[in-house]
Every structure is written in C-alpha cells, then in structure tokens.
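Q: I'm new to this one. Could you walk me through how to read it, feature by feature?

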Amino acid sequence: AFADTFTDLQQKAESGDAAAQLMLAKVYLYKWDKHYNPAEGERWLLKAAEAGNADAEMQLGDLYVTNDRLKALGWYEKAATHGVVRALQPICAAYFYGGVMESDWSKVALFCQKAADNHIAVGLTAMGVAYAEGKGGLPVDQIKALGYLAQADGMNEPYAAEYMGRLNLQGLWVPQDYAKSAIYFRKAMGYGRMVTAAYLAQQYDKGLGVSAEPLEAARLYYFAASAGQSDAITWMAGHPEITEDSLNAK
C-alpha cells in the first residue's frame, strides 16, 4: 500500500502538482525513510518553490541555513513575502545581528517590524533598539523603545535583557539603578549572551549595586573576553596575570 502511495505521489509531483512536489521532497529528506535521498529532496523542493509554494520556500531556507546562510536568507525572504510568518524570525535576526551580512537597518525596519507585530522576540528587540537609537529612518521614541524591549525581555530574549541592563546602568530613560542592571545582565548571561559579562564585571570591579569583588570581576571579564567582547579583551590584555589556571586556583 505504501509503495502504491509513493508511486502515486511521484506521478502527481511529475505532473506539476506543487503540493505533491513538496510532500515528495519531505519523503526524500526524511533520514529514517527508505527513500532518503537529499539531492532528490532538494530538487523537488526547488520545483515546488518555483511553482510558488511558500512552504517549499521556507523548507529551502531551512535546508540551506547550515551551509549557505546567504542563500537561505533569500528563500526565507521569498517565504515571508508569501505570508510565512515563521520566516520572519531568521530574516530579522540576520539583518539585526549581522553575521550573514552587515546589519541593515532599512531591512530591520521592514522585516523586524513585521516580526514584532507577530510577537516574535527578536523582532521586538530589534524594533526596541531601532526606536531607541533612531535607526532605519525611524524617529527616536522612548515609549515605543521601552515597550518593545520590555516585551522581548519578558520572552527571555538575551539582547533585550542586556540593553535594559545598560539603560539602568547608565540611567538613560530610566532612573539609574545598579541593582536592576545587575539583574538584567545576569538574565542575559543566563540566556546565553556571555559578552554581557563585561558589563557585570564593571559593577563588581567598582562595587556598583554589588559588593566590590575583584576576583568575580576578573572571572566575568575572562568569560566576556572568551566570547569576543572588545572591552573585556582590552581589560584582559592589561592583566596578563589573569588566566584560566589562575582563576581556577583561586
């Protein structure tokens, strides 16, 4: 019965049925199926996408994202243009954080606004920063910026927590509150954004909202430097005595 079903699916796909082409592609891409064939899966996804199937465009983005993020981004954009909401997350992240290419604030304003409208965390973060800094042709708007960042932080988005921490540390738009900034920085680190450790290190180094603890500051600078944070790297360069071995010894 399965053989008959598979043959029927092939025939429908070969006749130009885009839905059948997508389904056939999924069969070929399923690793635990006896028909597993990645090349054939990709070929049928391309046929379905060329026929205008938005789900196939999304699947192509997922297929390419590991090895060719620029190609993946192109397919995600096509899928988003055709109404696939899930595609907005990787698009917004690519243009906001960079990595695939330089950050593009005009694209952030376009795609991340749509992501924010659909309550996608990175979209909320990106629009919070865009309104905070007047990026992408948008005006500086304190109320919108704080509103978006608070929503994103509530969804455990790491950069939003870091940004809120920096606002509290510097007293920008909110009352300066070192205790709150430390909480936000710890949250961001807990979400996996280790570069944030550099800001918390400053607080432990100077005793801002926490007890001054030079050893804890050194540990945090070490973590942030390991994650590539430039200020932490500079601090570590000025303290060659601080190494992984010395920190473990203490």
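A: Happy to. Keep in mind that this is a predicted model.

Q: Let's start with disulfides. How many disulfides does the structure hold?

A: The general idea is that a disulfide is a covalent bond between the sulfur atoms of two cysteines. Here the structure holds 1 disulfide. Its partners are Cys92 and Cys112, with sulfur atoms 2.1 Å apart.

Q: Which parts does the pair of Cys92 and Cys112 tie together?

A: Cys92 belongs to helix α6 (residues 88-97) and Cys112 to helix α7 (residues 105-117), so the link joins parts 20 residues apart in sequence. As for handedness, the torsion about the S-S bond of Cys92 and Cys112 is about 110°, so this disulfide is right-handed.

Q: Are Cys92 and Cys112 buried or exposed?

A: Cys92 is buried, and Cys112 is buried too.

Q: Now the backbone. What should I look for in phi?

A: Most residues other than glycine have a negative phi.

Q: Where do His119 and Asn156 lie?

A: In loops. His119 is in the loop between α7 and α8 (121-133), and with 54% relative accessibility it counts as exposed. Asn156 is in the loop between α9 (142-154) and α10 (158-170); its relative accessible area is 45%, which makes Asn156 partly exposed.

Q: And the aromatic rings? How many aromatic pairs does a search of the whole structure find?

A: You describe a pair by the distance of the ring centres and the angle of the planes. The search finds 11 aromatic pairs. One of them is Phe96 with Tyr159: the centres are 5.7 Å apart and the planes at 75°, so the pair is edge-to-face. Phe96 lies in helix α6 and Tyr159 in helix α10, so parts 63 residues apart in sequence are tied together. Phe96 counts as buried at 7% relative accessibility, and Tyr159 counts as buried at 13%.

Q: How are Tyr221 and Trp235 arranged, stacked or edge-to-face?

A: Stacked, at 4.3 Å centre to centre with 15° between the planes. Tyr221 is in helix α13 (residues 214-226) and Trp235 in helix α14 (residues 230-237), 14 residues apart. Both Tyr221 and Trp235 are buried.

Q: Which residues form one aromatic cluster?

A: Phe96, Tyr97, Trp105, Tyr159 and Tyr163.

Technical notes
Residues numbered from 1 in each chain as written. Predicted model: local features only at pLDDT ≥ 70, side-chain atom pairs only at ≥ 80, totals over all residues. Heavy atoms only, no water. Disulfide = S-S within 2.5 Å. Helix = DSSP H or I, 4+ residues; strand = E, 2+ residues; numbered from the N terminus. Buried < 20%, exposed > 50% of the residue type's maximum accessible area, 1.4 Å probe, protein only. Phe/Tyr/Trp six-rings, centres within 6.5 Å; stacked < 30°, edge-to-face > 60°.
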